[in-house]
Amino acid sequence: MGPEDGDRGAGLVEVGVVTVFAAAIITLVYQSELSTTFNNGVRDMVCLVGGPECGDQTWVDHDRPDAPEEYEWGVGNSDHSDNQNIAMQSARAYGWTDQEWTCLDDMWSQMSGWDPQLVDPTYGTHGIAGFNPAVHGPMPEGYRESASVQIDWGLEYIESAHGTPCQAWSYWQGTKTY
């Protein structure tokens, strides 16, 4: 018999003492008024959400707020193709065709779905080009109303901040902002 065997016996005694102590506490709580108070509190909380035996009407039936309006990115944007065509023509003036256009299209498709009315609640971006007042400062005049203004701002910003759409797209993929 080695030293490990003696330790195992002491461990079993400790587990037994803790188990008996826990059982005594549970029994004491069960027999006390605390148990009834706790059970009544739980029953009241269940009734607040329409649990069993709580009456016919609860707050859920008459105070429930209307479901929030859902918005799917890019869905219902009837000007999607028009906005892409405007951007493609404007991007040509910067010499951005082929791969650069593909990067721009990918970025703005992901960012806004080419929807000039989009406001992303997660990132705080607005419109096609993802203008973010917290990052970019005051919104340019006419930005909210005009897809062309959004596109022009976006192209100018990409050129000054990143050089090309592919560099902006690469940056955006890691940060969801550019």
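In the predicted model, the torsion about the S-S bond of C103 and C166 is about 85 degrees, so the disulfide formed by this pair is right-handed. The S to S distance between C103 and C166 is 2.1 Å, and the structure holds 1 disulfide in total. Distant parts of the chain are linked by this pair, with C103 located in helix α5 (residues 98-112) and C166 in helix α8 (residues 165-175), 63 residues apart.

A helix pair was examined next. Helix α4 (residues 80-93) packs with helix α7 (residues 147-161) at an angle of about 40 degrees, and the two axes lie 10 Å apart. Angles under 35 degrees would count as roughly parallel, and those from 65 to 115 as roughly perpendicular; α4 and α7 are therefore oblique to each other. The crossing of these two helices, α4 and α7, is right-handed. On the α4 side, the contact is made by N83, I86, A87, S90 and A91, and on the α7 side by A147, S148, I151, D152 and L155. Classified by residue type, the contact of α4 with α7 comprises 6 nonpolar, 3 polar and 1 charged residues.

Methods
Residues are numbered from 1 along each chain as its sequence is written. This is a predicted model: local features need pLDDT of at least 70, side-chain atom pairs count only at pLDDT 80 or more; totals for chains, interfaces and linings use all residues. Side-chain values use heavy atoms; hydrogens and water are left out. Axes are lines fitted to C-alpha atoms, for helices over the stretch in contact, and angles run from 0 to 180 degrees between N-to-C directions. Helices (H or I, at least four residues) and strands (E, at least two) are DSSP runs, numbered from the N terminus. Angles under 35 degrees count as roughly parallel, over 145 as roughly antiparallel, 65 to 115 as roughly perpendicular and the rest as oblique. A crossing is left-handed if the near helix is turned anticlockwise from the far one by less than a right angle, and right-handed if clockwise. Contact means heavy atoms within 4.5 Å. Ala, Val, Leu, Ile, Met, Phe, Trp, Tyr, Cys and Pro count as nonpolar, Asp, Glu, Lys and Arg as charged, and the others, Gly among them, as polar. A disulfide is a pair of cysteine sulfur atoms within 2.5 Å.
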